[in-house]
Amino acid sequence: MNVHATALAHAHLPDEQTSAFARDAIDDLSQHPKRLSPKYFYDAAGSELFEAITRLPEYYPTRTELSILRDRGGEIAAILPKGAALVEFGAGATTKIRLLLQHCAVAAYVPVDISGDFLKAQADALRRDFPALSVHPVTADFTTPFALPPAIASLPKVGFFPGSTLGNFEPHEACAFLRSARDILGHGAQMIIGVDLEKDERVLHDAYNDAAGVTARFNLNVLVRINRELGGNFDLSAFTHRAIYNRERHRIEMHLISKRQQAVRMLGTSFSFRPGESIHTENSYKYSLERFTTLARSSGWTVRESWTDKDQMFSVHALVASD
Ligand code: AVI
């Protein structure tokens, strides 16, 4: 038995999701350099911390994207086909889609998310507020292929992917996601996507190292989850949050840095940390308009139109599937 199988055999894992988390955590902490996947930030506490991040004075992306959707929502909606089905990849709160819905004659809305309960609650609220809209939630991991509801088969499709979640993908993953979205949406599809832009390093640094320490708590939450869900014994006070801008790779990197020499146990496996050693927890890629256009083109999409705020902090693009 290899180290991972041994650890899993020792653990009494309640469900498939926990065992995937266990496998990934053990694999990733066995790498050099150590890492953990950002997808494990988002349990209930992590999702609340992320919501708190979006309200921080230093964290410009959410409010800037909202201001673009508010100011240019009419223009964006005007280029969408009438009677279309809007398919939102990774639907969270419905604040952003509402800014489009109020301007356009969309026939159907398909929010796609892994969290079925949350989706259902959001779908019910939308049905109440937009009685003419047919809402078809799909519970699925939107990064892997999934089937669209048969009810929207004959409608023109428009993808919606706000929030610069694309930036949390490695460039090859971003390309694979955009290709897969094109395959799912089909011939003639369009897509509205929010992408964070490259900018002054100080602004980026502050957005991911906020003075109130919310991003630090968000980052450390992955260790809280390992302790609670995988029986880990991480001492949270022995790790510190660090976010740096990697200029060559155009990305913010988030790390958890070990303050001292220490050993941590999880699922029967021990991991040792040197003082200053990092667990790399997240990348947030920032694009120039040119680099995003190139990425879109190489993923089967053409940029039809782009909107930015007046300070060019954030961008929203309308893409059309290339033939
Ligand atoms: C979800 N995602 C787009 C956020 C970002 O800015 O990359 C996640 C985040 N990480 C730290 N702060 C916010």
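Helices (H or I, at least four residues) and strands (E, at least two residues) are taken here as DSSP runs numbered from the N terminus. The structure is a predicted model, in which local features need pLDDT of at least 70 and side-chain atom pairs count only at pLDDT 80 or more, whereas totals for chains, interfaces and linings use all residues. Residues are numbered from 1 along each chain as its sequence is written, and side-chain values use heavy atoms, with hydrogens and water left out.

Strand E10 (residues 262-266) runs antiparallel to E11 and is joined to it by five bridges; two strands are said to pair if DSSP finds at least two bridges between them. Within this pairing, Val264 has Phe271 of E11 as its bridge partner. Two residues separate E10 from E11 in the hairpin that they form, and Leu267 in the turn has a positive phi of about 50°. At Phe273, the charged end of Lys34 sits over the ring, 4.7 Å from its centre; the criterion is that NZ of Lys or CZ of Arg is within 6 Å of the ring centre and within 35 degrees of the ring normal. A further case is Arg225, which lies over the face of Phe21 at 4.8 Å from the ring centre.

Strand E9 (residues 251-258) is largely enclosed by the rest of the structure, because eight of its eight residues are buried. Buried denotes under 20% relative accessible area, exposed over 50%, and partly exposed in between (1.4 Å probe, protein chains only). Arg251, Glu253, His255 and Ile257 point one way from E9, while Ile252, Met254, Leu256 and Ser258 point the other way, and all are buried. E9 runs antiparallel to strand E8 (residues 239-246), to which eight bridges join it; Thr240 has Ile257 of E9 as its bridge partner. The hairpin of E8 and E9 has four residues between the strands, and His250 there takes a positive phi near 55°. E9 also pairs with strand E12 (residues 278-285), in the antiparallel sense and over seven bridges.

Leu220 belongs to helix H9 and counts as buried because its relative accessibility is 16%. Leu220 touches Leu236, Phe239 and Leu256, residues up to four places away in sequence not being counted; contact means heavy atoms within 4.5 Å. Leu220 and Ala181, 39 residues apart along the chain, have their C-alpha atoms separated by 32 Å.

Helix H6 (residues 116-129) has 14 residues, which at 1.5 Å a residue should span 20 Å, and its end C-alpha atoms are 20 Å apart, in agreement. The expected span is 1.5 Å times one less than the number of residues. Leu119, Gln122, Ala123, Ala125 and Leu126 are the buried residues in H6. Viewed down the helix axis, the buried residues of H6 fall within an arc of 165°, so they line one face of the helix; the arc is that of the directions from the helix axis to the C-beta atoms. The face turned away from the buried side of H6 carries the exposed residues Asp117, Lys120 and Arg128. The cover over the buried residues of H6 includes helix H5 (95-101) and strands E3 (108-113), E4 (134-135) and E5 (138-139).

A search of the whole structure finds 20 aromatic pairs. Rings of Phe, Tyr and Trp (its six-membered ring) pair if their centres lie within 6.5 Å; planes under 30 degrees apart count as stacked, over 60 as edge-to-face and the rest as tilted. The pair of Tyr42 and Phe218 is edge-to-face, because the ring centres are 5.6 Å apart and the planes are at 65°. This pair links distant parts of the chain, 176 residues apart: Tyr42 lies in the loop between strand E1 (34-35) and helix H3 (44-54), and Phe218 in helix H9 (residues 214-230). Tyr42 is partly exposed at 36% relative accessibility, whereas Phe218 is buried, with a relative accessible area of 3%. Phe161 and Phe177 form a tilted pair, 4.5 Å centre to centre with 35° between the planes. One aromatic cluster is formed by Phe41, Tyr42, Phe50, Tyr59, Tyr208 and Phe218.
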